[in-house]
Amino acid sequence: MNVVFPIFCVVAAGAAGYFLEPTLRPTLTGRTKVELVVRELPDEGETPAEPTPAPKPTPKPEPAPTPKPEPTPEPTPEPAPTPEPAPTPEPAPTPTPTPEPAPTPEPAPTPTPEPTPVAAATLSADDIVKVMQESIREKQVKEFTYEQVLGWKAGEEEEVDGVKYQTGQAAYKAETIFGIKTIQAKALIKEGKVSKWIWPNSGMEIK
């Protein structure tokens, strides 16, 4: 029993190889089976037919190209650390200015006492002189100044242009074309003050 089975396997393998060998030969050898074409010879007088070309062997398919490996991305460099700003120095303290000493206030000027007003009634000779002096100090006229006056004198009451005035005269020194002369000026006094100054001879007002 043990010998029969191996013999049967060998016989079966030989039979299979015999029958299957023509079919498997192209696959095993890589060659295409060549078919024999039997053609009839033409009769005399007939043009022989062109032989049928043998089919070209099928080209082997080219292998697909192997894809190139993708390049490895370079590592991204880490950003440089931002430097810390330098500390700002504190500003130097501003020196406090020394306050200037307060100016010493000037003494207030002593007010000049106003002259005692003279009554509007008839003035005495001394009052007439005071009124004339006050008029010249206040520069009622520009013809002469108080320093030029040489003397003062009270006069008589006169009527000028229909108005009654008390009068007085002042003699002052002035430089003329004839040299230094003493000139008289008359004051017309009304209600305790000089209304105007006139030239004694012509009666014209002195400006």
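Where in the structure is the place of Val149? Val149 belongs to strand E1, residues 149–154; strands (E, at least two residues) and helices (H or I, at least four) are DSSP runs numbered from the N terminus.

Before going on, some ground rules. This is a predicted model, where local features need pLDDT of at least 70, side-chain atom pairs count only at pLDDT 80 or more, and totals for chains, interfaces and linings use all residues. Residues are numbered from 1 along each chain as its sequence is written, and side-chain values use heavy atoms, with hydrogens and water left out.

**Confidence**

pLDDT is the predictor's confidence in each residue, from 0 to 100. The protein's mean is 75, with 49% of its residues at 70 or more. Over residues 32–38 pLDDT stays under 50, and the model has one contact beyond four places in sequence for that stretch (contact means heavy atoms within 4.5 Å).

**The core and Phe144**

The largest nonpolar core has 18 residues, of which Met132, Phe144, Ile189 and Trp197 touch the most other members. Such a core is a set of buried Ala, Val, Leu, Ile, Met, Phe, Trp, Tyr and Cys residues joined through side-chain atoms within 4.5 Å. Helix H2 (125–137) and strands E3 (163–176), E4 (179–190) and E5 (193–198) each supply at least two residues of this core, and H2 gives the most, with five.

Not counting residues up to four places away in sequence, Phe144 touches Ile136, Val149, Tyr172, Ala185 and Trp197.

Two buried residues (buried is under 20% relative accessible area, exposed over 50%, partly exposed in between; 1.4 Å probe, protein chains only):

| Residue | Relative accessible area |
|---|---|
| Val149 | 13% |
| Gln166 | 16% |

Gln166 sits in strand E3, and a polar atom of its side chain lies 2.9 Å from the backbone nitrogen of Leu123.

**Rings**

There are three aromatic pairs in the structure (Phe, Tyr and six-membered Trp rings with centres within 6.5 Å; planes under 30 degrees apart are stacked, over 60 edge-to-face, the rest tilted). Phe144 and Trp197 make an edge-to-face one, 5.9 Å centre to centre with 85° between the planes. This pair links distant parts of the chain, 53 residues apart: Phe144 in the loop between H2 and E1, Trp197 in strand E5. Phe144 and Trp197 are buried, and together with Tyr172 they form one aromatic cluster.

Definitions and conventions:
A polar contact is a pair of N or O atoms within 3.5 Å; within protein, one must be able to donate a hydrogen and the other to accept it, and residues adjacent in sequence count only if both atoms are side-chain atoms.
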